[in-house]
Amino acid sequence: MSFLKQINKTARQVAKFGLSKIGITLSDVEVPEDPDLEERDLFDFFSDTFDTRKKGQPLPAIPQNLQQNALAWATPFCGENHELCQKIADFLKQPENFARRDIQNPDSIQAELIELLKLHQVVQTMPDTPADTLAALQKIAVAQKRKCCNLLRQASAQIDTDDNQTWLDEMNSRLQRFDLKITSAPLLSIHTTA
């Protein structure tokens, strides 16, 4: 008896034992013997079930110039997080990451990268209040591996306004001498100006 047939037999015995534990008893006569099952083992069932699937065509790679442009667009959002830059470069080289998007369209590639950047918290959607915006910027600074959380808090403490746009303009004027800029369109992030 082959190894796989032994597994099949053992599986039947375990199933019978499990049924008997919950009060269902089957005699050997009640367990139907299928001649097809006797001639085939588990490997045959696996082969029939899984190996007959059609394998898809390999996806085309993103053109090299579009990869370079997309990486150049995404790199400023990474700040000092060089590991994230490498992840983005690797992400662009794998066409299966863009299976639902048009890999010839830069906007489509950019939309996928925005999701990746959001996942790594280096960009966020714009909050409604200056306090929430400051908290979001501090999370972004940590994700970008920038050492400016305290600088952001101190700059914000000097501004007395509830208007988010006025607050952003004032923050940018204070951060300019540190070569930092807060961007809010299309997403909230911190960039280096130098």
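**A buried serine and its surroundings**

Student: Which backbone oxygen lies 3.1 Å from a polar atom of the side chain of Ser 189?
Tutor: The model is a predicted one. In it, a polar atom of the Ser 189 side chain has a backbone oxygen 3.1 Å away, and that oxygen belongs to Val 122.

Student: Is Ser 189 buried or exposed?
Tutor: Ser 189 sits in strand 2. A residue counts as buried when its relative accessible area is under 20%. The relative accessible area of Ser 189 is 0%, so Ser 189 is buried.

Student: Which residue of helix 4 is buried and also touched by Ser 189?
Tutor: The buried residues of helix 4 are Leu 66, Gln 67, Ala 70, Ala 74, Phe 77 and Cys 78. Leaving aside residues up to four places away in sequence, Ser 189 touches Val 122, Val 123, Leu 137, Ile 140, Gln 144, Lys 181, Ile 182, Thr 183 and Phe 77.

Student: Which strand is included in what covers the buried residues of helix 4?
Tutor: The cover includes two helices, helix 5 (82-92) and helix 6 (106-119). It also includes a strand, residues 189-192, which is strand 2.

Student: How far apart are the end C-alpha atoms of helix 4, and what span should its 15 residues have?
Tutor: Helix 4 runs over residues 64-78. The expected span is 1.5 Å times one less than the number of residues, so the 15 residues should span 21 Å. The end C-alpha atoms agree with this, being apart by 21 Å.

Student: Which residue with positive phi follows helix 4?
Tutor: Phi is near 65° at the residue that follows helix 4. That residue is Gly 79.

Student: Is Ile 22 buried or exposed?
Tutor: Ile 22 is in the loop between helix 1 (3-21) and helix 2 (35-39). Exposed means over 50% relative accessible area. Ile 22 has 65% relative accessibility, and therefore counts as exposed.

Student: What is the area of the nonpolar surface patch that includes Ile 22?
Tutor: Ile 22 makes this patch together with Leu 19 and Ile 24. The area of the patch is about 270 Å².

Student: What percentage of the residues of the protein count as buried?
Tutor: The protein has 9 helices and 2 strands. It exposes about 12800 Å², with carbon and sulfur atoms supplying 53% of that area. Of its 194 residues, the part that counts as buried is 32%.

Methods. Residues are numbered from 1 along each chain as its sequence is written. This is a predicted model: local features need pLDDT of at least 70, side-chain atom pairs count only at pLDDT 80 or more; totals for chains, interfaces and linings use all residues. Side-chain values use heavy atoms; hydrogens and water are left out. Patches are made of residues with over 30% relative accessible area and no salt bridge: like charges are joined within 9 Å, nonpolar side chains (Val, Leu, Ile, Met, Phe, Trp, Tyr) within 5 Å. Accessible areas come from the Shrake-Rupley method with a 1.4 Å probe; for residues, only the protein chains shown count as cover. A salt bridge is a side-chain nitrogen of Lys or Arg within 4 Å of a carboxyl oxygen of Asp or Glu. Helices (H or I, at least four residues) and strands (E, at least two) are DSSP runs, numbered from the N terminus. Buried means under 20% relative accessible area, exposed over 50%, partly exposed in between (1.4 Å probe, protein chains only). Contact means heavy atoms within 4.5 Å. A polar contact is a pair of N or O atoms within 3.5 Å; within protein, one must be able to donate a hydrogen and the other to accept it, and residues adjacent in sequence count only if both atoms are side-chain atoms.
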